[in-house]
Amino acid sequence: MTIPNQTPVVRPPLPEYRPRYDLSGITCSAQQLTGATALVPTWLEDAVFYQVFPERFCNADPSNDPPGTLPWGGTPTRENFFGGDLQGITAHLDHIAAVGANTLYLTPVFTAGTNHRYDGEDYFAIDPALGGDSAFDELVEAVHARGMRLVLDGVFNHCGWHHPYFEDVVAHGAQSAYVNWFLVEDFPVSTRPSPNYETCSGCEYLPKWNVHNPQVRQHHLDVVLYWLERGIDGWRLDVPYYVHDGFWRRMRRTVKERYPEACLIGEEWGRPTRWLHGDMFDGTMNYGVRDLALAFAASRRADAGQTARQILDLQEAIPPHSRSAMMNLLGSHDTARLLQECGGSVGAVCQALALLIAFPGAPMIYYGDEIGLTGENDPGCRACMPWDETRWDRDLLEATRSFVAVRQESSSLGRGPIEVVLAVGDVLILRSRGEGSSTLTLINRGSGATCVPAELVCHAGRDLVNLVDGRRAQTVQEDRDGWLSLPGYSVRMIEENR
């Protein structure tokens, strides 16, 4: 993506940044992060996240559409706008609640120049194209009125080219009051042949903050506290691996001393352990669950035995105190759509969902996956949510609701440690243990029925989910020889009462 209009915007002289909060005494010492600062919010134990890319969820107020907004439902690109806004999210909270989610996670909502808004220009203002601050306040009130929670996306590694502080550096070079807020190698600032300033992943329109600068740290922590004060319930932190750990330790202490029940969840694509020692994040985005679930249910690169080993290895990589705070997902704004990955097979999606729901942590549904949106990775995965329900995959929606409902009702699914009962070929049986009960998850991804020893299943249990190829099925009884038949393409969850 190129930078639109690289000429600095003419603005009045900028005053020096004035701190909003007294952060004296806040240090990055890991040893000082004890007691309340190390706690994981208790509400995460029951959280089910629903992620929304605000520009593509619903355009409820065309009066705030940016110039060039296209009719709803067109082909997404990395540059175009369809006018989604916060009013549209507020208008459809009932749908989100009906899916079973109780925690809304929004990708960036602050003033920016792109449809994704990871190029922030004012971290203290909601983008007018999303409805501005008034729409945000209405959303917060509506979310909390339903007993739901709201988590925002915090982008503290980089901002946008048109952030006024970076524009000031572009305009005034070494004389800018903000020259040390960024990492500029030489002057004048230039993007050709390559940027002479540090960026996020080489993107010239995303200059990197100098978080080693105490003024920058103050700005960022002011942002974090300001929006918590405005009513949000936590933060998802973008690309934390590009920012030094000391900053995240400062953030945790700053937040937890004032808002101990606010969540801090970092983006992570690999092993999450480094973030979960109680000094940085409560949990992380758990792309590891996505990787193993899709390798088993979608691409079938891994058989049941390999998948079982991956499940146990990933579980071991997450300290017990952080397991409830893991944001487990099968898709996001940075991946191909779930149904796309599963080749259009609702049955395969259900097998992946079963693994998602069983794994310890808080499951996350990416908007539209519940009704069968398809698309490759960015920009294809960021299409407009269709609100014509005749276009929805009703089997998939019903299945998604069923999985989320049993996750909410069960005292073991996603809450206790997971054990492998059987893992052979296409058949995987897992046990989730909780206080007073346990739940079996039985998956047969093969096309034909398979028999397993009936003694593996508790006779006093009850079916929570029973699906064959994504549709409800009748309970299969054990036969006379002590074997239980698992139909092909089946998923079954049984709550055991031992």
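Start with strand β12, which gives three residues, the largest share, to the lining of the largest cavity. The model is predicted, so local features need pLDDT of at least 70 and side-chain atom pairs 80 or more, while totals for chains, interfaces and linings use all residues. Residues are numbered from 1 along each chain, and side-chain values use heavy atoms, without hydrogens and water.

Next, select L330, G331, L338, L353, L356, M364, I365, Y366, D369, E370 and T400, which line this cavity. A cavity is a set of points on a 1 Å grid where a 1.4 Å probe fits but cannot get out, and lining residues have an atom within 4 Å of a point. The volume is about 80 Å³, taken as the space filled by probe spheres set on the points. Colour α10 (346-358) and β12 (362-366), the elements that give two or more residues to the lining.

Now move to Y50 and F57. Their ring centres are 6.2 Å apart and their planes at 75 degrees, so the pair is edge-to-face (centres within 6.5 Å; planes under 30 degrees apart are stacked, over 60 edge-to-face, the rest tilted). Y50 is buried at 0% relative accessible area, and F57 is buried at 0% too (buried means under 20%, with a 1.4 Å probe and protein chains only).

Then select Y123 and F156: with centres 6.2 Å apart and planes at 45 degrees, the pair is tilted. Both are buried.

Finish at R274, whose charged end sits over the ring of W275, 3.9 Å from its centre (CZ of Arg within 6 Å of the ring centre and within 35 degrees of the ring normal).

Terms used
1 Å grid on protein atoms, 1.4 Å probe; cavity = no way out; pocket = protein on both sides within 12 Å on 5 of 7 lines; lining within 4 Å. Helix = DSSP H or I, 4+ residues; strand = E, 2+ residues; numbered from the N terminus. Phe/Tyr/Trp six-rings, centres within 6.5 Å; stacked < 30°, edge-to-face > 60°. Buried < 20%, exposed > 50% of the residue type's maximum accessible area, 1.4 Å probe, protein only.
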